[in-house]
Amino acid sequence: MDNIAGSKSSLGWVVQICTVLLVALWIFPTVGLLVSSFRTADQISSSGWWAALFPSEQSQRYRVADPDENRSNVDGVYVVEGNFFAENGGGGDIKSWGTSSREIGAYAPGEVADLGDGETFSVDAEGNYVWTGNDEQISGRGQRAFVTAVSPPEFTFENYKTILFSGTAGDNMTKAFFNTLTVTIPATVIPIVVAAFAAYALAWMDFPGRALLIAIIVGLLVVPLQLALIPLLSLHVGIGIGKGYLGTWLAHTGFGLPLAIYLLRNYMVGLPRDIIENAKVDGATDFQIFTKIILPLSFPALASFAIFQFLWTWNDLLVAKVFLIDSTGQTTVMTDQIVNLLGTRGGNWEILATAAFVSIAVPLVVFFAMQKYLVRGLLAGSVK
Amino acid sequence: MNPALLGLITIIAGVGGCIGYFYLSNQFLDKVLFPAKGPNAGQNINRANMIRPWLFLFPALFALGLYLAYPVFETLRLSLTDRDQGGAFVGLENYQQMFSEPKFWEALSNNMLWLIVVPAAATAFGLLAAQLTDRIKWGSVAKSLIFMPMAISFVGAAVIFKLVYDTRPVDQNQIGILNAVWLQFEGGVGSFLFLKALPALILASFAGIVAYVGWIFIQPIANRNDEGGGVGFVPLRLFVGVAALYLVWLSVKSLAGLFVFNFPYGEPQTWLTIPFWNSFFLMVVLIWIQTGFAMVILSAALRGIPEETIEAAIVDGANPLQVFFKIKVPQIMGTIVVVWTTITLVVLKVFDIVFAMSNGQWETQVLANYMYDKLFRADEWGVGSASAIIIMLLVSPILIWNVYNARKEMK
């Protein structure tokens, strides 16, 4: 386009800026969740996640260590020394401090505050304090200090530890993670095998009713699986499978088949006719042609469908809820557990964000690793 | 048994079983039933070749029949019977009961709103993203970032957007970005610019573009000598024209309302409980997910446009807007329809988002969640099945259209 007379280069900048804005808008929510999953509960509830990326200024009230136990006597002057951050946790670079809640920024770090009658107090930038005075002054309750500190961005892996390794039954996602994996892998592999043979027959074998069958499959492509819930659950209970993995695998296989057949058939039809006819002339049977020629050549289409089916089964909630999860709760999958967490731990964002990210991580990896095949599959799969 | 072990055995049994079935049945056909030797070898080969496709197809057809075709009829039957009466035939009673429930009409009207807004917004954003990223160097990176939500589950997206919409009491720091932004507005000049003038501008330009697009569609009907893609497109053109007119009217109406409306400045909003608008906050989630899909397909279509047509238009003095709407868009119209219908299908089945974010409270119910409520919470199979049939009815025009197109393509 740029080489065309009449197109303006000033438009280029507008395009760049618009794209940046659009991309930012699109990834912003996800980044929020990712950042939140690395923050502690206190951090999340005290400031927005976007604040976590910058140094944060926090005002905190401290009290020096109990003078009756910690004071030392130097030439008749009593002194309490210590470090606020070491004693109370927290940290950062102190910008200002004060001794009264009305003037929390009265002193700069290192300055010495005169508290009257020879009593002095000072705090330095690292949180070290010195409180000096006579016997009466340095006793009772410790001196208060209001400290404004700038702390660098701070992140923690604690949430992931809780979600993956410790945590109560409701929080721990390890079991759900493996359950999801158990649902996903057979539900991805089996439809591919079944569909590949059917797609070959529909693409390269001549028989009456072929066009009708393809039309039916295109039709089934859009049948909402909501219709299948009750009849199939009754069927599964009727033939003794009940709720469980087997039923879920079968259901996912059934629901994934139309797309699988459609994608694979479209791809196989496009393979060069010569190869197949030559093989036939050389005496290869259909079975041999299929396994030795068609299957290896169809790898891109197989990969496309595998990604679709993987993402779909991994992210599925409805099929798992209906066909898998029974009252014991032993077979919960991640999506279902997250929905439960939304109900029970609605305010605990550190748990929710981490749990959600654990479930999102695997599809994201698959997505970025195999995006090429996903795009190809999308382009082939949308009914033209 | 350990589920992982069970899974492994299932994979081996499933895959091995399938391959074994295909191999053995082929062997049986060739060696035992119709051996390709003896007196009628030729006839046998022909017979075997007539049967073989069905061997290849059988497992798939069986599964499709059992898991997709049978349930359609079974659900239809269930919607006409009453489970409490032992499955007795009750005619249309379930439908009558459903039609008398306000929650059903709420779900249906919400679904209609979803059906208009989500495909339109996702397609529009997708088209915008495709057009923007097509010409810049880091376009492919931008594309995969916009495409990324496709990999995120509806439930994951629900959590992500619950954080965006989170609300804290007024005296605390807001942790939801939407409220944090919202509280920046106090009703001064900035608020007027961003909350009244800018939306007004967007609405006005939206109305302008819609009117323009509608006019492009209607124009060929107005002057009949123009051959606008055949007679089959006249209903489509009329439909788009009417829809555009409606949208323009809607935008003008909300434009007027916008200036009268008093925003509750300074109060954190619980976005998901604001009636009517909360549905839009849920739709945003689906738009966010589906835009990437629309972008990928439309970007491929845009690349397929012959360069000469664009060059010719520019030489003839067309401005960028004209090039886009009169040269590019008409050429990818077929793809836009495909994207639109595909997203429509997703919208009709949307369940997880509503289930996880609001569960149909505060007037956000949609059909799929209503059906789930009826089937598994209220235990009313009849009414639940009836609502499933309603979803099927809404899907069927697309089903017929797809089948029609697929058949046309094969000829």
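Reader: Before we start, what should I know about the numbering and the pLDDT limits?

Author: Residues count from 1 along each chain as its sequence is written, while chains are lettered from A and ligands numbered from 1 in the order written. The model is predicted, so to speak: local features need pLDDT of at least 70, side-chain atom pairs count only at pLDDT 80 or more, and totals for chains, interfaces and linings use all residues.

Reader: How many residues of chain B are in contact with chain A?

Author: Contact means C-beta atoms, placed from the backbone, within 7 Å. Here 95 residues of chain B touch 91 residues of chain A. Helix α2 (residues 41-79) of chain B gives the most to chain B's side, with 19 residues.

Reader: At what angle do helices α9 and α12 of chain A pack?

Author: Angles run from 0 to 180 degrees between N-to-C directions, with axes fitted to C-alpha atoms over the stretch in contact. Helix α9 (residues 245-269) of chain A and helix α12 (residues 299-315) of chain A pack at about 155 degrees, axes 9 Å apart. That makes α9(A) roughly antiparallel to α12(A) (over 145 degrees). Among the residues that meet are A:G256 in α9(A) and A:F305 in α12(A).

Reader: Where does α15(A) bend?

Author: A bend is the angle between axes fitted to the seven residues ending at a residue and the seven starting there. α15(A) bends by about 30 degrees at A:I360, and a proline, A:P363, follows within four residues.

Notes: Contact = placed C-beta atoms within 7 Å. Helix = DSSP H or I, 4+ residues; strand = E, 2+ residues; numbered from the N terminus. Parallel < 35°, antiparallel > 145°, perpendicular 65-115°, else oblique.
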